[in-house]
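Open your viewer and get ready to click along.

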Amino acid sequence: MDKLLIEGGARLSGEVAMSGAKNAALPILCASLLCAEPMRFSNVPQLNDVSTMLRLIAQMGVTVTPGGEDGLILDSQGLDNPTAPYDLVKTMRASILVLGPLLARCGEAKVSLPGGCAIGARPVDQHIKGLQAMGAQIRVENGYIHATAARLKGARIVTDMVTVTGTENLMMAAVLADGETVIENAAREPEVVDLANCLIAMGARIKGAGSDNIMIQGVERLHGASHSIMPDRIETGTYLCAAAVTGGQVRLTNTSALYVDSVLQKLREAGCQVSAERDAIELVAPARLKAVSIRTSPYPAFPTDMQAQFMAINCVAEGTAVIRETIFENRFMHAVELIRLGADIKIEANNALVTGVAHLDGATVMATDLRASASLVIAGLIAQGETLIERIYHLDRGYERIEQKLTSLGAKVSRVR
Ligand code: UD1
């Protein structure tokens, strides 16, 4: 298993390009299941989660062809096996995103029920309830969701909580349904909007994506289209935190400040100067950051996927920060690893109290999930001496060429095989 070795202390500086968004690419690749014509995608990030999704849909009969640099062509004409087996679903929960499109296109789907997850129980009851409201017959048997529907019917759906992939699954199901579907309490995340834009390019009729009320007028069929995946706002936030903690100065390109408002605001509060151009963000960090408290919430508030990285920067900031996690019930596993590096963190239920220390010391630590791994990388960059991060397969799920990108900014990072 690969490990990441970081020698702390280098100040990050320079320019690096961000990749396409993992959380936009995954639902958008699933959208290609909705039509029998080729779909062309660009700015697709090369990540393990993307490869898993491609393997999943290829075994359903979809043809996957490379389409130039960071490009892909997906042809679902031969889709004949609307099944998502346990072996693939267990490695990536986002596999549930095939459920809505398969049911809408094929009238049936058999998708393994995702199990528990390191950061929380993460049920998919809202996906199932929404599809049932659209007339789907669903039974859960032997660990699989079996869904059938001659043709889904438009419905008014109010989700119990804001769910990102739930909103995406229901939106994809509704585009081929008979009549109008309204999703209330919908997720407003930019990735939902990117998916809606791709579906609209395929001929779908969607209004309101980006608000909490999405209206979808079902159509008979969709056609092939081209779509460029939006930039990854969590990768962007992570590199900004990495630069900030090292007192660095960086310019991130192929990204947009539009999607990271809440994160930029907190970085400014921490003492960084941040300026935004049309598709780039520049950050100049002070010698030492000030502690910043955060509370995670659905978009446009502060993202749970940036919580761990902000815990890492607070470990060495001046003062004390309160970090409150409201989305997932078990998303502080990085705290114990950060404590092994010398951080002062006290956890009580879903609150973490982080008091900045003068310095962290390098040690061997273990990555427990994707964003937890990112927080350990950030801590390793500032820790004195060497930090060895184990189980970085988590990191490879969501950060494209992370060691090359960090090295290009002057970090001393290498992969140990
Ligand atoms: C997505 C993101 C993930 C991010 C999360 C929250 C993708 C592929 N992943 O995950 O990176 O951390 O949004 O921003 O886009 N819930 C239920 N029942 C459901 C669905 C959700 O109880 O049917 C709960 C979850 O357990 C969680 C909360 O709702 O507590 C929000 O989860 P959700 O937005 O669905 O997360 P994902 O879409 O899985």
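Select α5 first: with 3 residues, this helix gives the most to the shell around the ligand. (Helices are DSSP runs of H or I with at least four residues, strands are runs of E with at least two, and both are numbered from the N terminus.) You are looking at a predicted model, where local features need pLDDT of at least 70, side-chain atom pairs count only at pLDDT 80 or more, and totals for chains, interfaces and linings use all residues. Residues are numbered from 1 along each chain as its sequence is written, and side-chain values use heavy atoms, leaving out hydrogens and water.

The shell holds 18 residues, with Asp-125, Thr-163, Thr-165, Asp-305 and Ile-327 the closest.

Next, zoom in on Thr-165, where a polar side-chain atom sits 2.6 Å from a ligand oxygen. At Ile-327, a backbone N or O atom is 2.6 Å from an oxygen atom of the ligand. Alone, the ligand exposes 740 Å², and the protein buries 86% of that (areas by the Shrake-Rupley method with a 1.4 Å probe).

Finally, zoom out and color by secondary structure: the chain has 14 helices and 24 strands. Its radius of gyration (taken over C-alpha atoms) is 21 Å, close to the 22 Å that the globule rule (2.2 Å times the number of residues to the power 0.38) gives for 417 residues, so the chain is as compact as a globular protein of that length.

Technical notes:
A residue is near a molecule or strand if one of its heavy atoms lies within 4 Å of it. A polar contact is a pair of N or O atoms within 3.5 Å; within protein, one must be able to donate a hydrogen and the other to accept it, and residues adjacent in sequence count only if both atoms are side-chain atoms.
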